[in-house]
Amino acid sequence: MTSRERLLAALDHKEPDKVPVDLGSHPSSGISVIAYNNLKKHLKLYPGQTRVYDVVQQLAEPEEDMLDRFGIDIIDIGRLYNRNQDNWYPVQAADGSNALYPTGIRPVKQEDGSFLILKNGSAIAKMPSGGTFFDQTFFPYLDGYPRDFMDLKKDMDMVMWGSVAVPPWDHASEPNFWNDLRQKLIDFRETSDRAVLISVGCNLFEWGSFLRRMDNFLMDVLADPDNVAALLEALMEIHMQTLTKVCEHVGDLVDVIKFGDDLGMINGPFMPPVTYRELFKPHHKYLNEYTHAHSTAKTLLHSCGSIYALLPDLIEAGFDAINPVQTNCLDMQPEKLKSEFGKDITFWGGGVDTATVLNRETPDNVYKHVIERLNIFAPGGGYVFNTVHNILPEVPPENIMAMFNAVKDFNG
């Protein structure tokens, strides 16, 4: 099987020749720039300078040598952009190692060693001295909702997650963007058999928390549902503009369209299932129905936390796959998920716990842990190997090698 065939078989709940493997196909399946540089040093791989394509999360773009070495089956469409050296400028990561930032993103260093990202004179994000990611610092609706949402796009642009775009969306304002996106993907298809994912976001709950701040929006969901509903309708108008263009221009070429909406905490969903059904599920269902009707792509939802109680609704809403499968949360045990939902949704992740195992255990224990997870998730298809969210800065390269060695040995 080719990489693309392998991934599509898994998403169709058919057991492929090998478990498909992901590293960096979207900004929740990647690797910290620090961990990446340490891995390159360990492997004595120096094909080029490390590109930090996601500045907010400080994520490296895995280079071709790394993708080939670990048998990665799917890429982010964004890596087809910014291929020239003049698209990047040199910086140092928090550990002092060398990296490159996109030229359009220039955090400003402060006297205390912290970095700020500025927008229209306001600090919208901050990374403290020695920090390894940026935090949002500006919330446009902190003091309340506007009378209408005529300026919603502008307000979203004042949010870190909307302003500091990752590729290809850092080029979205260019006149020929959509035609160029299609041509780049056509050209890629002629030279590679890897599957391709495009992240479209279309976040709903998350955008509420980005605009209002999490504490306020959590109260709004229960105490002010009318304003929440009005915001969601306005967000959907904006989201559908993007999704329509994606389906029109590359819907026949991309393999996976990824949506995002963190719905879970460690100990359960952010809201009761009935609240999800009333406010959010109809919109998620519409996004899936539109995508399936206007493209050949499968849909992936990124949602962190304990979402076990919501999985029946997410399946009914039409999502084909779920990521990152945060197995260290309540009711998210691999055996439980696979036995109850393995025939209905593809699990994309959960292959190794990044919070307690990959960063702390010995390479031998990491290897055993990964083999155990593969034996649970892989049978019958419906599984894509990936870590539980991004590989953290402190993860030893030996443990990353043990993880990929386990996958290679399992795949045979």
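In which helix is Asp-155 found? The close-ups below come from a predicted model, and the first of them takes up this residue.

**View 1. Asp-155 in helix α4.** Asp-155 is found in α4, the helix that covers residues 152-156. Leave aside the neighbours within four places in sequence, and Asp-155 is in contact with Pro-140, Tyr-141 and Leu-211. Zoom out to find Leu-185: Asp-155 and Leu-185 are 30 residues apart in sequence, and their C-alpha atoms are 31 Å apart in space.

**View 2. Asn-323 in strand β15.** Strand β15 takes in residues 321-323, and Asn-323 is part of it. Asn-323 counts as buried because its relative accessibility is 0%, and the cut-off for buried is under 20%. Look for the side chain of His-302 here: a polar contact of 2.9 Å joins it to the side chain of Asn-323. Not counting residues up to four places away in sequence, Asn-323 also touches Leu-300, Leu-301 and Ser-303, along with His-26, Ser-28, Trp-348 and Asn-386.

**View 3. Helix α2 packed with helix α15.** Here α2 (residues 33-43) packs with α15 (residues 397-411), the two axes lying 9 Å apart at an angle of about 80 degrees. Angles of 65 to 115 degrees count as roughly perpendicular, so that is how α2 and α15 are described. On the α2 side you'll find Ala-35, Asn-38, Leu-39, His-42 and Leu-43, which meet Pro-397, Glu-398, Ile-400 and Met-401 of α15. Sorted by class, the contact of α2 with α15 comes out as six nonpolar residues, two polar ones and one charged.

Methods: Residues numbered from 1 in each chain as written. Predicted model: local features only at pLDDT ≥ 70, side-chain atom pairs only at ≥ 80, totals over all residues. Heavy atoms only, no water. Helix = DSSP H or I, 4+ residues; strand = E, 2+ residues; numbered from the N terminus. Buried < 20%, exposed > 50% of the residue type's maximum accessible area, 1.4 Å probe, protein only. Polar contact = N/O pair within 3.5 Å; in protein donor to acceptor, adjacent residues only side chain to side chain. Contact = heavy atoms within 4.5 Å. Axes fitted to C-alpha atoms, helices over the stretch in contact; angles between N-to-C directions. Parallel < 35°, antiparallel > 145°, perpendicular 65-115°, else oblique. Nonpolar A, V, L, I, M, F, W, Y, C, P; charged D, E, K, R; others polar.
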